[in-house]
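This report goes through selected geometric features of one structure. The sequence and coordinates come first.

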Amino acid sequence: MKASELFVRCLENEGVEYMFGVPGEENLDIMDALIGSPIKFVTTRHEQGAAFMADVYGRLTGKAGVCLSTLGPGATNLVTGFADANMDRAPIVAIAGQGATTRMHKESHQVLDLVNLFEPISKYSVEVREPEIVAEIVRKAFKAAEAEKPGGSFIDFPENVAAMEVDGKEPLKVQSARTPVPPPDKVEQAARLISAARYPLVMAGNGVVRGNANDALVAFAEKLNIPVATTFMAKGSIPSSHPLSLGTVGLQAHDYVACGFDRADVVICIGYDMIEYHPYLWNHDKSAKIIHIDMSPAEVDEHYILECGVVGDINESLHAIAAVAEPQQEMPARSLRETIVEELNAHADNNAFPMTPQRIVLDLRKALEPDDIVISDVGAHKMWMARMYQAERPNTCIISNGFASMGIGVPGAVAAKLAFPRQTVLTVTGDAGFLMNSQEIETALRIGVAMVILVWNDSEYGLIKWHQERRFGRDTQIDFSNPDFVRYAESFGAKGYRVDAAAELLPVLKQAIADDTVVVVDCPVDYSENMKLTEKLGKLVCPI
Ligand SMILES: Cc1ncc(C[n+]2csc(CCOP(=O)(O)OP(=O)(O)O)c2C)c(N)n1
Ligand SMILES: [Mg+2]
């Protein structure tokens with residue numbers, strides 16, 4: 001068998017369903033070995049699209065998403081999507097063909113040191129130097145990518161090694177380590193702190209979703225009567241409609257939920273990652289007593305000094321602590337929750353056009369079922385989605401908040417629909433982020449994947465304008481003009497609709513979902529709401 005064939009057998013052994021990528025010269029042997037394999041190859045129109053597809057596939061399934069490129073420019077095009085997965089804790093394995101080992105010691109056409117290029121953005125970056133090590137490398141790459149905290153593995157595969165014969169080797173058994181149970185003394189200490197707390201608050205992060213601890217989180221909160229705020233990447237880990245939910249934290253401005261953190265004496269961080277929401281933003285005076293419950297130890301930060309760290313399986317930790325801690329007699333954040341819910345629904349009947357961000361998010365929620373998946377791109381629209389979209393289930397509102405790269409929306413939606421074909425998949429994107437990877441509309445249509453692309457049209461880099469206005473009171477270099485998005489969609493063979501009045505959005509979204517193909521919805525947005533929010537939150541008097 002050739003090394004490339006063994007390589008593909010190893011990928012099959014890992015349970016790989018899809019491989020996203022662009023064929024090239026230096027991966028000819030790998031592409032050929034895929035013929036007849038149960039692995040479905042999805043040919044994309046840009047390697048960045050392939051990497052974002054692998055990113056979102058990994059985040060939604062917990063199994064590493066796989067992407068492939070050729071050497072040099074193909075591999076550099078993978079970098080952004082790959083780094084996004086790595087910093088968002090999504091398991092991903094990227095493979096690049098490479099020039100032959102006989103020309104890697106000198107200046108040579110398209111040859112770059114890819115192992116070093118990927119080193120700082122991966123957990124494991126390696127070159128296949130000999131055919132005999134293929135099975136070990138593939139197993140190690142998947143193990144590293146999928147182990148807590150998940151991230152990226154990069155495999156550089158020189159073309160002459162891929163073509164070599166290898167005898168007597170086969171894929172290695174897939175084994176995954178179980179997260180150990182937390183130490184009993186730590187459970188007791190956490191329970192004591194919680195029992196003595198006067199105003200405890202939970203901050204749930206993406207670790208809860210990765211650790212499948214959503215039900216345990218809700219049971220913990222209910223048993224102890226403690227309110228829960230989630231980070232952007234943990235939306236839905238407690239249903240937004242739950243009476244103990246305080247919505248989403250992470251907006252840098254002092255939002256309503258931040259009032260809860262101002263008051264809290266004990267903050268219980270569960271699966272929380274400071275990459276999303278820096279502790280100085282919610283523990284500026286370092287007065288909070290922090291309990292860290294996660295699968296891995298806490299990162300070091302002067303604003304994140306622990307009172308108690310409970311490291312182990314999150315389900316086990318939550319059950320064990322809830323069994324012994326004393327519940328709070330009342331939920332002091334009740335009035336805060338009431339204010340937050342009122343704020344979430346305030347624009348339901350706002351007919352202004354261009355539409356307010358708040359009304360767009362509310363109509364979007366009405367158009368989608370609780371299990372449907374929405375993927376946000378990155379921009380001002382992401383802030384509004386994070387703040388206001390009411391997710392009822394985990395992994396139904398995907399937001400990149402580690403690396404936070406524009407361009408994830410369209411390719412991410414392709415992967416989400418492949419992973420969950422029965423759920424409606426919709427991406428919310430800015431007009432700038434949309435054009436960064438809109439070429440993947442062709443991929444989606446070619447492979448028969450339906451999705452709705454809701455473009456918030458402001459002809460600007462809206463988030464940057466928001467920051468410029470906030471900091472300097474004026475803006476610069478953020479305007480651009482857009483193509484006609486309806487005709488652009490139609491030129492691919494997709495459908496396109498333009499929203500011309502606020503009352504049209506909901507029926508247009510319902511129609512777009514029913515169309516069951518790729519549909520672009522062009523929705524003008526009024527971002528004067530951005531600065532209004534900044535001003536309102538600047539003057540916020542806490543309701544508690
Ligand atoms: C790849 C990448 N480039 C630049 C940025 C910085 N950035 C964040 S949001 C943003 C503007 C996004 O504009 P648009 O997609 O139109 O969304 P809007 O803010 O208007 O909703 C920029 C340039 C980024 N996060 N990712
Ligand atoms: Mg924009």
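## Basis

The structure is a predicted model. The values below were computed from its atoms, and side-chain values use heavy atoms.

## Disulfide

One disulfide turns up when the whole structure is searched. The pair consists of cysteine 259 and cysteine 542, whose sulfur atoms are 2.2 Å apart. About the S-S bond of cysteine 259 and cysteine 542 the torsion is about -80°, so the disulfide is left-handed.

The two partners sit in distant parts of the chain, 283 residues apart. Cysteine 259 belongs to helix H11 (residues 256–263), while cysteine 542 is in the segment after helix H23 (528–538). Their accessibility is as follows: cysteine 259 is buried at a relative accessible area of 1%, and cysteine 542 is partly exposed at 27%.

## Cysteines without a disulfide

Cysteine 308 takes part in no disulfide, the nearest cysteine sulfur being that of cysteine 269 at 12 Å. Cysteine 308 has 1% relative accessibility and therefore counts as buried, the limit being under 20%.

Cysteine 523 is likewise in no disulfide. For cysteine 523 the nearest cysteine sulfur is that of cysteine 397, 17 Å away. Cysteine 523 is buried, with a relative accessible area of 0%.

## Surroundings of ligand 1

There are 18 residues around ligand 1, and those that come nearest are Ala380, His381, Asp431, Leu463 and Tyr527. A polar side-chain atom of aspartate 431 is 2.7 Å from an oxygen atom of ligand 1, and a backbone N or O atom of glutamate 460 is 3.0 Å from an oxygen atom of ligand 1.

A nitrogen atom of ligand 1 also has a listed neighbour: a backbone N or O atom of alanine 404 lies 3.0 Å from that nitrogen.

## Six-stranded sheet

Six strands form an open sheet in the order E9-E8-E7-E10-E11-E12, and the pairing is parallel. At the edges stand strand E9 (245–248) and strand E12 (306–311); each has a single partner strand, so one side of each is left without a neighbour in the sheet. On average, and with direction ignored, neighbouring strands of this sheet are turned by 20° against each other.

Within the sheet, strand E7 (residues 200–204) and strand E8 (residues 228–230) run parallel and are joined by three bridges. Methionine 203 has alanine 229 in E8 as its bridge partner.

## Leucine 217

Leucine 217 is part of helix H10 (residues 214–224) and is buried, with a relative accessible area of 0%. Its separation from leucine 318 is 101 residues in sequence, whereas the C-alpha atoms of leucine 217 and leucine 318 are 6.8 Å apart in space.

How values were computed. Residues are numbered from 1 along each chain as its sequence is written. Chains are lettered from A and ligands numbered from 1 in the order in which they are written. This is a predicted model: local features need pLDDT of at least 70, side-chain atom pairs count only at pLDDT 80 or more; totals for chains, interfaces and linings use all residues. A disulfide is a pair of cysteine sulfur atoms within 2.5 Å. Helices (H or I, at least four residues) and strands (E, at least two) are DSSP runs, numbered from the N terminus. Buried means under 20% relative accessible area, exposed over 50%, partly exposed in between (1.4 Å probe, protein chains only). Two strands pair if DSSP finds at least two bridges between them. Axes are lines fitted to C-alpha atoms, for helices over the stretch in contact, and angles run from 0 to 180 degrees between N-to-C directions. A residue is near a molecule or strand if one of its heavy atoms lies within 4 Å of it. A polar contact is a pair of N or O atoms within 3.5 Å; within protein, one must be able to donate a hydrogen and the other to accept it, and residues adjacent in sequence count only if both atoms are side-chain atoms.
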